[in-house]
4 protein chains.
Amino acid sequence: MTLNIVSLQSKDYSFFFGKSEPVLRVKPGTVVEMYTEDCFGGAVTGPETLPSQVCVFPFLNPVTGPIYVEGAMPGDTLAVHFIEIEPARDWAVSSTFPHFGALTTTHTTAMLHDPLEERVWRYDVDKKARTVTYHATKSGYSVSMPLDPMHGTVGVAPGGFEARATITPDAHGGNMDTPEIRKGATVYFGVNQEGGLLAIGDGHCRQGEGEVIGTAVEAAMNTVIVIDLIKGIFTPWPRIENDLSIMSTGSTKPLEDAYRISQHDLINWVAADSKLDILDALQLVSQAGRAPVGNVVDPNYTFVSMVDKKYLPTKEVMGGTHGKLSAIAAEYRKGK
Amino acid sequence: MTLNIVSLQSKDYSFFFGKSEPVLRVKPGTVVEMYTEDCFGGAVTGPETLPSQVCVFPFLNPVTGPIYVEGAMPGDTLAVHFIEIEPARDWAVSSTFPHFGALTTTHTTAMLHDPLEERVWRYDVDKKARTVTYHATKSGYSVSMPLDPMHGTVGVAPGGFEARATITPDAHGGNMDTPEIRKGATVYFGVNQEGGLLAIGDGHCRQGEGEVIGTAVEAAMNTVIVIDLIKGIFTPWPRIENDLSIMSTGSTKPLEDAYRISQHDLINWVAADSKLDILDALQLVSQAGRAPVGNVVDPNYTFVSMVDKKYLPTKEVMGGTHGKLSAIAAEYRKGK
Amino acid sequence: MTLNIVSLQSKDYSFFFGKSEPVLRVKPGTVVEMYTEDCFGGAVTGPETLPSQVCVFPFLNPVTGPIYVEGAMPGDTLAVHFIEIEPARDWAVSSTFPHFGALTTTHTTAMLHDPLEERVWRYDVDKKARTVTYHATKSGYSVSMPLDPMHGTVGVAPGGFEARATITPDAHGGNMDTPEIRKGATVYFGVNQEGGLLAIGDGHCRQGEGEVIGTAVEAAMNTVIVIDLIKGIFTPWPRIENDLSIMSTGSTKPLEDAYRISQHDLINWVAADSKLDILDALQLVSQAGRAPVGNVVDPNYTFVSMVDKKYLPTKEVMGGTHGKLSAIAAEYRKGK
Amino acid sequence: MTLNIVSLQSKDYSFFFGKSEPVLRVKPGTVVEMYTEDCFGGAVTGPETLPSQVCVFPFLNPVTGPIYVEGAMPGDTLAVHFIEIEPARDWAVSSTFPHFGALTTTHTTAMLHDPLEERVWRYDVDKKARTVTYHATKSGYSVSMPLDPMHGTVGVAPGGFEARATITPDAHGGNMDTPEIRKGATVYFGVNQEGGLLAIGDGHCRQGEGEVIGTAVEAAMNTVIVIDLIKGIFTPWPRIENDLSIMSTGSTKPLEDAYRISQHDLINWVAADSKLDILDALQLVSQAGRAPVGNVVDPNYTFVSMVDKKYLPTKEVMGGTHGKLSAIAAEYRKGK
């Protein structure tokens, strides 16, 4: 197998998903090596650099891209497989942010309280040991947790005439903040604009479910993806596949509606691909499914609903795209 | 008083709020006469023209504009006073629409039900009698209701790099669908982009609170506005003022958060302008306020919170803009 | 007409809706004169008496009753018409309360903020002038507003084996906190337990829509009601009727679901009583209806959806009960 | 170690949590062997027995109990450790139910759609192979999934004067429907009434996250628990502990508020027991935590927030109760 590998090291970031001049054009099947900056644009490096002081709205949550995929037209599906997501530095940061997070008044859950204290935590990243290390700020406590790199923000240009800030997840993807977008995952997006216009950012060394404080262990990443195109099939909400499971996402508020979207899409997907009656699919997913919450802090909240392929009549979905891209990923890794 | 009157009869509609080429440039103080098409683009004329068949996504809910207001810069406030909103035809329509409305499964409150039946109601509009007449479709019942024209969609370009479909209300205004935007109201918007980029559409001959079916008595309108600019003051969410009351809007989901936003903004507005302690303002609004719901059907829901000026220490807000524009409106009417 | 008048001046209050020993048994058609204590049990009299210090949970929001209505059986409807609701004192109070209100973190919208400051406002009540007078606590500002007495809490025993705190509104009524329950209103409840077990409390001299601070202008009341029984018809959610309008209530969270319940019930009510097709009823209510929000602060939120009877094919609903009880009310007032 | 073992095989079920006559009185430390009936009271045995026809409201979701724990007083915490949860039969059932489930209109998410089709699925339960087997109803597809028995409903009498249907989860526990209440888990409840009044029911052979269809793989269970009492410490929301993790639950609507409650309680718990600053605890849980959703179908929705003990400064919480009860469980199993 001969791989088509392109390196995209541009630091000319984008801050929205929508129609804009692509920084790269690739053919389906291309491997793209890229660098993504963290959600603070690299400006927050420790306790002295408070996000509200060093970041300037709307220049938050930079994404690398957009990438124009040749042949991608509205009604198609773009597939993105993550070959590598590797922290670019030996440190990472997390923080509170005024009026942002699940346990604080925000601009939409508007209350008369003052914002919580703004504070930054700096983590050590040990790529050899595959750990990140937390340090308490008000005591000497430290603890290491597994490194589990992921991208919080992955998406394409939205439909209609819309452009959306990278901070917001919706049907086009965006800031879903789910740990399921890790190495080995294939993510599917319905194409709304010619070329799809894929962009990626907001790397996390790890993240808890819901991202309650509002930020994860934020890091710049060296990421490698392979892109594919599925012609003539539209994916209404972002879907994810890995070796074990298929998943649908939903992003809206209130949170039960995000759950509903993701379950509704997963059940319809299972019914269609497995030729199961819709209520039979509902019953099966209801007992076999898992539903890890993505974020409960962004302008829309995200749920992921998933079921293991071993429980389904049909093990191969989306025309076998995940298997095909996994093979390219294996070939790429062999070459390194 | 010499009025500066401009006629904008362009039918080159826009379908989003965002940065785009203005169709008109005016100075603050200008009266603008305009025509707005109905939310269906005029394509739905009766029971035979089902919206899902005659309308093409995303060409829904056309707005007239955008209008560039000279001198408007981010951080300022644009004021729009409605001098006239008058139905352009002697009929209007309303309808169900698949997966749209408060009492049906939608794309975000996703369920396994089929959509409700799509159906169109045609209303008679009697501008002399000032009535609209409802006709039941499955029986001979008819009833007339007061004509109370309003605009469902009024807004400016959003902040950041965003562009939003006209169907969605948010901090930039948009499809708030509140009957409070009627003749005699002044609406205030924070300016996010140079020129403000005001656009108006979605005329309703009348609308119930919440717009439960998803559409109002939809009509093309001949509308006259006068525009003003308040330099150096930013309005975080659209505000409305009429001779009796001041109002704040909030648009998000869930609906309690839309209520929170509108109350939070109104209370802060009262406290600031009336120099009341914030809890004193909260107490006063809590007992004197009203809170008519706008819509519970659009991608964001809208609440309006209001208090009568007679209960406030300070009767004049926003630098007296409403009084000034009302005087221009009176002058304009005298000239007709 | 000979009136059957009973005086219930017991101060043996109840703190829940459920099966319990009635304090009074009446026949349908009986006029009941009663005294209700305020939501603080009369313990809060001014700024020095903070609710969290002088009130003891769960002895909050006392209701007078329950009243056993002879002949009332599950599946029937109890009708309660308010003949008089008159403040018992020349003062009333309102307050913040820790972790209670729409613009503060609560026990369910749980956040890491400290509670807002607890503060009490004392109002003057002028029954001759029909006003209540607000006094700011941090400045000298005062203003009078119309006296508009209402009961926040009216309900019957819930279904199943449940007992609910008086603070919570649900399908059995309870703490709906809607200003629509004023003099001249008839309220309908589905009977869940033998005798219905009606109880009333939480008088307000007036209240804004949503009760944003968490309390209204709280007052003890001298209240006169007349009770009726509609056999064989069950009312799924509390309904209200006055001379102009019919209304349905819904109490749940999130707030859009409270709106949905109240609209769904109103539209089904209109369709059934007026023999309109259900979508024709939906269309009519959508354009003619109003929807004043009740509370956005209690354990469930309450919406009221209403339509004026003049727009309906059938002007007389619920077997003409409202007219019949209004006639008794008129007779009672004549006798005074 | 001498075990105090009591067998409670009463089939005199209860249908609410509240003050009622206990069926058993035990001392802390007692092992109780019990039988629980399924949520349908055993009346649904296959496709021919539709729940809405064979079950009678409010006799749904029977619980075994209540058990009075000697010495338990308001302000204490009751601990319940699950030694065994074992299906009592070789079959189990699941079903749709009219107006119940996450993807259908309900009595509170009220819409104008007809209910989804009511249908029953019968599962084979193989206790040796530790599997349950699903059978599609409209095709020949079958698949086995791991048996993972749990109790959907566990709770104590609520506070105040309330009694709650067993179908509703809230601060007293109840129908939380989380798979985390499995063998080996210790569940903590704040005591609101003398004796605590513990009751257990609604066994599931397994359940997906969210219980989207509204029912799990429902089964009668032979269950063994050991009960303990922690004096002088109150648990505001049910907490769960197993060998690896500590968890807090929250049950309310909308779903983000259930998430908030569970995160808020977990973070305060971590901060208090580990003597971490509250924002340090927030940061740690935000990166290390998981948050499996319980149910999105009951009258309140349930979230569980958890963190592994290995990440905490203090590994022993709640006075070491879990370890102590696990030791009793081990002793009990040895004796069998």
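Trainee: How much area do chain A and chain D bury between them?
Mentor: In this predicted model, chain A and chain D bury about 4,900 Å² between them. Carbon and sulfur atoms account for 60% of that area.

Trainee: And how many residues are in contact there?
Mentor: On chain A, 63 residues are in contact with 63 residues of chain D.

Trainee: What about salt bridges across the interface of chain A and chain D, how many?
Mentor: There are 4 salt bridges across that interface. One of them joins the side chains of R119(A) and D280(D), at 3.7 Å from N to O.

Trainee: How many residue pairs are in polar contact across the interface of chain A and chain D?
Mentor: That count is 41 residue pairs, with both residues at pLDDT 80 or more.

Trainee: Which elements of chain A give two or more residues to the side that touches chain D?
Mentor: You can look for these in chain A: strand 7 (91-95), strand 8 (120-126), strand 10 (142-146), helix 2 (255-274), helix 3 (278-288) and strand 19 (301-308). Helix 3 of chain A gives the largest share, with 9 residues.

Trainee: Nice. How do the residues on that side of chain A divide?
Mentor: The side of chain A that touches chain D has 33 nonpolar, 17 polar and 13 charged residues.

Trainee: Let's move to chain D and chain C. What rotation superposes them?
Mentor: A rotation of 180° with 0.0 Å of shift along its axis superposes chain D on chain C, and the RMSD is 0.0 Å. The two copies are therefore related as by a two-fold rotation axis.

Trainee: Which residue of chain D comes closest to that axis?
Mentor: For chain D it is A163(D), at 2.3 Å by its C-alpha.

Trainee: Why do the copies, chain D and chain C, meet through the same surface?
Mentor: Because 100% of the interface residues of chain D are also interface residues in chain C. In numbers, 29 residues of chain D are in contact with 29 residues of chain C.

Trainee: What's the area buried between chain D and chain C?
Mentor: It is about 2,500 Å², and carbon and sulfur atoms give 66% of it.

Trainee: How many salt bridges are there between chain D and chain C?
Mentor: The count is 2 salt bridges. E162(D) forms a salt bridge with R164(C), where the closest N and O atoms are 3.5 Å apart. There are also 12 residue pairs in polar contact between chain D and chain C, both residues being at pLDDT 80 or more.

Trainee: Which parts of chain D supply at least two residues of the side that touches chain C?
Mentor: Those are strand 12 (164-165), helix 2 (255-274) and helix 3 (278-288) of chain D. Helix 2 of chain D provides the largest share, 5 residues. By class, this side of chain D has 16 nonpolar, 8 polar and 5 charged residues.

Trainee: New topic: in what order do the 5 strands of the open sheet in chain A come?
Mentor: The order is 3-5-15-11-13, and the pairing is mixed. Strand 3 (24-26) and strand 13 (173-174) of chain A stand at the edges with a single partner strand each, so one side of each is left without a neighbour in the sheet.

Trainee: How many bridges join strand 3 to strand 5 of chain A?
Mentor: There are 3 bridges, and strand 3 runs parallel to strand 5 (residues 63-69). R25(A) has Y68(A), in strand 5 of chain A, as its bridge partner.

Trainee: Last one: where are the cis peptide bonds that involve P58(A) and P254(C)?
Mentor: In chain A, a cis peptide bond joins F57(A) and P58(A), with omega about 0°. P58(A) sits in the loop between helix 1 (51-54) and strand 5 of chain A. In chain C, a cis peptide bond joins K253(C) and P254(C), with omega about -5°. P254(C) is in the loop between strand 18 (245-252) and helix 2 (255-274) of chain C.

Conventions: Residues numbered from 1 in each chain as written. Chains lettered and ligands numbered in written order. Predicted model: local features only at pLDDT ≥ 70, side-chain atom pairs only at ≥ 80, totals over all residues. Heavy atoms only, no water. Contact = heavy atoms within 4.5 Å. Buried area = accessible area lost by both parts, 1.4 Å probe. Polar contact = N/O pair within 3.5 Å; in protein donor to acceptor, adjacent residues only side chain to side chain. Helix = DSSP H or I, 4+ residues; strand = E, 2+ residues; numbered from the N terminus. Nonpolar A, V, L, I, M, F, W, Y, C, P; charged D, E, K, R; others polar. Pairing = 2+ DSSP bridges. Least-squares fit on C-alpha atoms with pLDDT ≥ 70 in both.
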